[in-house]
Number of protein chains: 6
Amino acid sequence: MEEQSLRLAVYPGTFDPLTNGHISLVRRGLDVFDRIVLAIARDTYKKPLFSLQERKEMAQEAFAGNPGVVVETFSGLLVDYVDWCGAKVILRGLRANSDFEYEFQMALMNRRLKRDIHTMFMMTDYKWLFTSSSIIKQTAEAGGDVQGLVPDIVWQQLKIRYGIQNHVS
Amino acid sequence: MEEQSLRLAVYPGTFDPLTNGHISLVRRGLDVFDRIVLAIARDTYKKPLFSLQERKEMAQEAFAGNPGVVVETFSGLLVDYVDWCGAKVILRGLRANSDFEYEFQMALMNRRLKRDIHTMFMMTDYKWLFTSSSIIKQTAEAGGDVQGLVPDIVWQQLKIRYGIQNHVS
Amino acid sequence: MEEQSLRLAVYPGTFDPLTNGHISLVRRGLDVFDRIVLAIARDTYKKPLFSLQERKEMAQEAFAGNPGVVVETFSGLLVDYVDWCGAKVILRGLRANSDFEYEFQMALMNRRLKRDIHTMFMMTDYKWLFTSSSIIKQTAEAGGDVQGLVPDIVWQQLKIRYGIQNHVS
Amino acid sequence: MEEQSLRLAVYPGTFDPLTNGHISLVRRGLDVFDRIVLAIARDTYKKPLFSLQERKEMAQEAFAGNPGVVVETFSGLLVDYVDWCGAKVILRGLRANSDFEYEFQMALMNRRLKRDIHTMFMMTDYKWLFTSSSIIKQTAEAGGDVQGLVPDIVWQQLKIRYGIQNHVS
Amino acid sequence: MEEQSLRLAVYPGTFDPLTNGHISLVRRGLDVFDRIVLAIARDTYKKPLFSLQERKEMAQEAFAGNPGVVVETFSGLLVDYVDWCGAKVILRGLRANSDFEYEFQMALMNRRLKRDIHTMFMMTDYKWLFTSSSIIKQTAEAGGDVQGLVPDIVWQQLKIRYGIQNHVS
Amino acid sequence: MEEQSLRLAVYPGTFDPLTNGHISLVRRGLDVFDRIVLAIARDTYKKPLFSLQERKEMAQEAFAGNPGVVVETFSGLLVDYVDWCGAKVILRGLRANSDFEYEFQMALMNRRLKRDIHTMFMMTDYKWLFTSSSIIKQTAEAGGDVQGLVPDIVWQQLKIRYGIQNHVS
């Protein structure tokens, strides 16, 4: 039925790894949509730190108990996947100017590929403005404590990956 | 009922005057929302070219026959108005980087004022990237033909305002 | 003596009105400098909401009991004033891209006017990213509650100016 | 004849007042075009400091002896004026990101109005990056010495306007 | 002879692959210049999808029958190549803010290397704003149809590279 | 003692290689701080052109005879290193908008990691706006003369690396 597709949004990304910024965006999205598919891209331009399976498991654990969120993986063209889900909306976060141009370009291309699928943007909460997956990895790799910026499961995995000792603080 | 508010979005602005870019955004918004309130701000920082009443009448004529669009005016705090409408979503268009920062600032402030109202952005179609109300007025004032960039009713009014003769082209 | 000038910074602005973002920047600046002169510009490009005297009194009250902060007013060329203070550093906050270019231009011009005076920038804390004096005034004028974004004395004055009733929330 | 129009460019602006940045751009443009029309806009959005006649006289004096530069004034639509000149090229300087978006919007609008007139941009020399007419006026108004950033005739006029005494430096 | 060099412009790039945005820019450039050398860089920072020879052949086919366009390859310093061509102008397209800073930096460096060679920018037509070579490849790799955004010969090659089946649409 | 830490700043970077822009920033920093530690990062995201040891030796030679500058290398978390130095200030240069967002993100993250360490920015002198280490390497690799943009020792090394012949100009 028409109505269901309206209330479903796909939130695509690499999520390598999931951060609290992503989680905050999903929570805000759930005030507008009934269900959000967190769609983890199989294909990434840089070799990811975590495998697709690891990224999926961490996201599933982070959203366990939240029936409105479905964690999936996809490959190929995003708009085909969104269409296959029966969704009309791609949800994306905007954080900074440099995001803006890439997102703009992608939104226009996706619109060209499928005109009835719309990209909608929500602003990332200001608390998470400095919390990109890249800077999280860069900081953890140098031994920095990123607890509180990522879900617990991600922090545990980052400590294992980078051999970070527990701080006694 | 909860469900209705989900499908209602408020699209606020000065609309001095309405352009085809605004109309395109409303049309795309109607693929996602059941009803869009085009909310014309009574208070503007620069003295508007058209009165509130004129801006409302032009918008009403442009959307005549479209039952999904309601043209209203508002004053005071936007989030209070959105709340009064029973809506949870403020819809805004993004066009360029310079829009981005102002929009970001406003979205954060509005979120601070009412945490359960969300600003959602859709990209303006690339055809209307250069079609701001300001540049329309600036061009028409210099005698330029902006037909095709604004609804007919707006073009008629701009010609009257600026004494533009009919081009025989 | 040479050493004292090193530890003195001038933080110029319109402060119409002072916000918690300004206060946060001064506090952070005091970790680096011994004394900060909050220098309120007499001349502003837009007519200010508060008179120079009102802006000075609100700032003085906000920093009462903080011996490291001196609230002054100035007119004329900023670098002449900084020189007269015996300072070598102009302190400025950076908040967003659009600040950046104007600040860059001013810093280069000031450097041209006096080569031994340096502009140093500190980032505004992310909590105050959306707290410009303009948006504070714009929100308060529409009846919005900006308590917590400005010092109490400023909030009291804004309520008087804009006839805002006390919320019972 | 076709060939002449190729070698002619119109460099439009307010030139309130002409700066050394403008002069540098014209000099560089003359390496590419045979003749450049410096076209001073009669209509400005802010009230100009100097009258149209004063702006024209200062520009004429600054380019005296340079047969490749013609100083003119225009009103109405820029592309009509460019067409009337028999030129195909509008020359503009780019200085910073914030210029970019406005210039982009104007170039697209002008292209829409007359498809065979092209806007071409040259980068302002880095020496003049901080030399806008606005900051020149702002600095001179506060009593700052902008000699070397503007032609002599402009500096003389600015001193008269703002009552700047001769520095003995 | 001096005059010929004025009418010649070099349009350098990687062209991996050529898009309709590039073609549109060349067409607009030919309204201003008599001849445009499309100069394909041998050296690229990322490994190109198509070999230098393939990129050249595709460009030659796309511009076949257009006597004003010469497709060449070059290596080494761009300004040396431009000088060797007897040209004074480097032509570049501008598409977005993020292009701007890189282009600005390159234009200043090229000017430092050879002061009498000038970089001139034309805005990319709004229709091609979202058509970078990167996004074309990224979309085609995921199986997306980019027909209409690139010349036919490029689309044929992309289908072969990425194993895209013919859509029956 | 408290006072000493105030006068010490750490200027971190990859310095691959050191440019005259870096040197200019250090010189300006020495007007504000008593001592500046040029801290060369062992870990870089891209494989550096010069080894850590080479980068250190070139920097040491460039600052030989300047007792206010100490050249060091560091690995791990920057704020830990700054803390270990007994410094409270991280000094960074700002050159362009695209720098700005990355710097902003890093400054916020570093502040989160250690709240009493402050990042302070100085604008790069306009003469060095186009002098990044990347463009220097890119230009030298193509055989371009970058003398005057880097210290002599760096220019000698770049010539060796890229097999640049001495120009007789």
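Contact here means heavy atoms within 4.5 Å. By that definition, chain A and chain D do not touch, and their nearest C-alpha atoms lie 12 Å apart. Please keep in mind that this is a predicted model.

- An open sheet of 10 strands, with mixed pairing, runs in the order β3(C)-β2(C)-β1(C)-β4(C)-β5(C)-β5(F)-β4(F)-β1(F)-β2(F)-β3(F).
- β3 (69–74) of chain C and β3 (69–74) of chain F stand at the edges with a single partner strand each, so one side of each has no neighbour in the sheet.
- On average, neighbouring strands of this sheet are turned by 35 degrees against each other, direction ignored.
- β5 (residues 118–123) of chain C pairs with β5 (residues 118–123) of chain F in the antiparallel sense, over 2 bridges.
- In β5(F), F:F121 stands opposite C:F121.

**Helices on the sheet**
- Helix α2 (residues 20–29) of chain C lies across β1, β2, β3, β4 and β5 of chain C as well as β5 of chain F, and runs at about 115 degrees to β5(C).
- Helix α3 (residues 52–62) of chain C lies across β2 and β3 of chain C, at about 155 degrees to β2(C).

**Chains A and B**
- Chain A is superposed on chain B by a rotation of 180 degrees with 0.0 Å of shift along its axis (RMSD 0.0 Å).
- This is the relation of a two-fold axis.
- The same surface serves both copies, as 100% of the contact residues of chain A recur in chain B.
- Among the residues of chain A, A:F121 comes closest to the rotation axis, at 2.4 Å (C-alpha).

**Another pair without contact**
- Chain B and chain F do not touch, with their nearest C-alpha atoms 12 Å apart.

Key:
Residues numbered from 1 in each chain as written. Chains lettered and ligands numbered in written order. Predicted model: local features only at pLDDT ≥ 70, side-chain atom pairs only at ≥ 80, totals over all residues. Heavy atoms only, no water. Pairing = 2+ DSSP bridges. Helix = DSSP H or I, 4+ residues; strand = E, 2+ residues; numbered from the N terminus. Axes fitted to C-alpha atoms, helices over the stretch in contact; angles between N-to-C directions. Least-squares fit on C-alpha atoms with pLDDT ≥ 70 in both.
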